[in-house]
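Here is my note on the model below. Please read the points with the structure open.

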Amino acid sequence: MPSHHTPYAINVRGLTKSFGGRRAVDALSFTVRPGRITGFLGPNGAGKTTTLRMLLGLVRPTSGAALIGEHRYEDLPAPARTVGALLEADGFHPGRTGRDHLRTYAPALGADDRRVDEVLAQVGLDEDAARRTVRGYSLGMRQRLGIAAALLPDPPVLICDEPTNGLDPEGIRWLRGLLRERADRGHTVLVSSHLLAEMQQIVDSVVIIDKGRVVYDGDVAAVGEPTVRVRALDGARLAAALTAAGAVVEDAGDGVLRVRAAGAEQIARTALREQIVVTELVGEEHSLEELFFSLTEPGAGQAPATIQETAQ
Ligand SMILES: Nc1ncnc2c1ncn2[C@@H]1O[C@H](COP(=O)(O)OP(=O)(O)OP(=O)(O)O)[C@@H](O)[C@H]1O
């Protein structure tokens, strides 16, 4: 049997799910690597929850595969110990205390009472909270309890659907630390969310889907990298000079160059040295939010974007 510490990638291959005649998930393919936090983003109805449910063996794919490592969830030797999942934070018995809730699940997951107390502490539910019935929990406390349940077996794969729901800014910071710690231990972490600004702070990679298809799959660091938009009378010569100086230059069409790895001042100095007239020079910041809307707004292209393409 694989040890708790065996890393598992998540492999989604040609995954399709139709409800009636409608494709909620449409030939989706992406990989979630261990040792990173991957965000799974998309507008309402994009197919995020359906995809996560297929990964957890709760929904049967129409075709394609949703694999943990190379196995379907139900074919894993110890699925519940391998994959921790936070789906919706309302599957709790309202009359049961937080601690009792975890104790109910613990034996099947190979966790003892000490582990229950450990995860309660990890999610910031103190002794008073642990003794209270879930009926009196706030949404944020329920979310923390759901995360505690997912962490009980210390699983190498953690899948969370909208984990920031109900968390205040402090709670979001705490969640970020918790997910980071798991990724740093080589675990696989997949988190779905609508909260793009927060996701940009939390995740390393992002898979954006829209209408059941991947529209972006890449590093968040590449999304946030600033670029400079330049227009010059002799664009081709300026591009060559900038490239020679170590910048990454892309022809954005319509006479515009998009430059990376060089600031506006360096570009202006290069143009001055080469005696090229610059007619436009604008710094551009790229947020995940901006990318998200450019890819998912009505009329946005459906082809999977590369980092180069999305910078245009
Ligand atoms: N059991 C079901 N029967 C019929 N249609 C469904 C079912 N589950 C999901 N759908 C449809 O599939 C599409 C994708 O839904 P899904 O919940 O996966 O999207 P989502 O990205 O998680 O959205 P949200 O952010 O709103 O939760 C939607 O059009 C939804 O109505």
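Is Phe292 buried or exposed? Phe292 is buried, at a relative accessible area of 6%. Buried means under 20% relative accessible area, exposed over 50%, and partly exposed in between, with a 1.4 Å probe and protein chains only.

1. Basis. This is a predicted model: local features need pLDDT of at least 70, side-chain atom pairs count only at pLDDT 80 or more, and totals for chains, interfaces and linings use all residues. Residues are numbered from 1 along each chain as its sequence is written, and side-chain values use heavy atoms, without hydrogens or water.

2. Aromatic pairs. Rings of Phe, Tyr and Trp (its six-membered ring) pair if their centres lie within 6.5 Å; planes under 30 degrees apart are stacked, over 60 edge-to-face, the rest tilted. The count is 2 aromatic pairs. Phe30 and Phe40 form a tilted one, 5.3 Å centre to centre with 35 degrees between the planes. Phe30 lies in strand S2 (residues 22-32) and Phe40 in strand S3 (residues 36-41), so the pair ties together parts 10 residues apart in sequence. Strands are DSSP runs (E, at least two residues) and helices likewise (H or I, at least four), numbered from the N terminus. Phe30 is buried at 3% relative accessibility; Phe40 is buried at 0%.

3. Phe292 and Phe293. Their ring centres are 5.3 Å apart and their planes at 90 degrees, so the pair is edge-to-face. Phe293 is partly exposed, with a relative accessible area of 38%.

4. Helix H3 (residues 98-105). Its buried residues are Gly98, Arg99, His101 and Leu102. They pack against helix H4 (113-122), helix H5 (127-131) and helix H6 (139-151); contact means heavy atoms within 4.5 Å.
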